[in-house]
Amino acid sequence: MLRSIIDSPGWANNILKDPVFMESIFSIALAYSTDGVNPFRSGQYTLWPLAFKVLNLPPALASSTALIILGGVVHGPKKPKTLQAYQLLIADEFAAGRRGLKSTSPCGNYTIHFSTKLVLTTADGPANGLMLNQQTANAAWGCIKCTIMGTYCLHRQLYGQVRRYLPLDHRYRVDPSFGTPEIRPPPEKRTLATTRRHAAYAELQKAAGLKAATFTERTQVAARTHTHTHTHTHTCTRTHQPNLHPTCQGGKGQCSLDTLDYFNYIEASMIDVVHNMKESWRKVSVVCVWVLLFSRLLVDCISLEPPYHCLSLHTS
């Protein structure tokens, strides 16, 4: 039974098998989290606290507000465009803690040696994008765990290909009640190596002067022929070469937490299902409700006898 994070396989792989961390019983495992907070009852002013939770404590103590560590506060008044500069300072502190720290015991009789380690990050969808320097909900590649591509509909990216995650022989894949049979394999999982490569592509395209809305979702396009007219000369046809620069697949740049050599920020991040579902289906749900209401109204009007028939009304 999974009672806390200590019972998880990830804890055994990242903590119990880490010789540097297990050298001292005083070593500290931390989880990093952030989100926007409105300190006032009204207005758009937001603060972004950078908070840390000590994981290797009893669950009752680990969840205590008094033991939450405030690492910093990013002041508003608006949502920051990036957190990478602030997280770079955090990464430097964790790198120093990895090399080893020392302090005095509570009673002051002896010196204790310990280390600190960043184990995981937890945040909602928008904050995940800021932390990991990735695009999340409403992006063509909005998942931080896999490379599934959304479908653009009603000014939203929809990620409704949930049957791809089922086993290939599952009956729901070919169930006609779900529409077209789903025979595609599961989407490819993101790895730290591919994410680093996409981040490097994004940095290169930003250096080339491309806007964020262009470089994050750009794909390879076929060569096209463009006709243009030279002033006072002649008209010529020129073939533009395809954009051979690989797609960034939702990456916006390097993540500052990647400077920690032991930290895999793709595997250590949490998926925010609630925001993804809300952002994807909110507008679709509203449209569907209005369509159903209008259809019911139309049926009711057609069922009325003339001259109350909606289609028989006319001006005299």
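Pro49 stands opposite Val73 in strand β3, where strands (E, at least two residues) and helices (H or I, at least four) are DSSP runs numbered from the N terminus. The model is a predicted one, in which local features need pLDDT of at least 70 and side-chain atom pairs count only at pLDDT 80 or more, while totals for chains, interfaces and linings use all residues. Residues are numbered from 1 along each chain as its sequence is written, and side-chain values use heavy atoms, with hydrogens and water left out.

Strand β2 (residues 48-54) and β3 (residues 69-74) pair in the antiparallel sense over 5 bridges; two strands pair if DSSP finds at least two bridges between them. Trp48 has Val74 in β3 as its bridge partner. Strand β1 (residues 28-34) also pairs with β2 in the antiparallel sense, over 5 bridges, and here Leu30 stands opposite Val54. Of the 7 residues of β2, 5 are buried, so the strand is largely enclosed by the rest of the structure. Buried means under 20% relative accessible area, exposed over 50%, and partly exposed in between (1.4 Å probe, protein chains only).

These strands belong to an open sheet of 4 strands with mixed pairing and the order β3-β2-β1-β6. At its edges stand β3 and β6 (116-122), each with a single partner strand, so one side of each is left without a neighbour in the sheet. On average, neighbouring strands of this sheet are turned by 25° against each other, direction ignored. Helix α3 (residues 84-99) packs on the sheet and touches β1, β2, β3 and β6, its direction making about 145° with that of β6. Contact means heavy atoms within 4.5 Å; axes are lines fitted to C-alpha atoms, for helices over the stretch in contact, and angles run from 0 to 180 degrees between N-to-C directions.

Turning to charged pairs, the structure holds 5 salt bridges, each a side-chain nitrogen of Lys or Arg within 4 Å of a carboxyl oxygen of Asp or Glu. In one of them, Arg98 meets Asp18 (2.7 Å, N to O). Arg98 lies in helix α3 and Asp18 in the loop between α1 (9-16) and β1, so the pair ties together parts that are 80 residues apart in sequence. Asp18 is buried, at 6% relative accessible area.

Arg196 forms a salt bridge with Asp258, with 2.8 Å between the closest N and O atoms. Arg196 is partly exposed at 34%, whereas Asp258 is buried at 15%.
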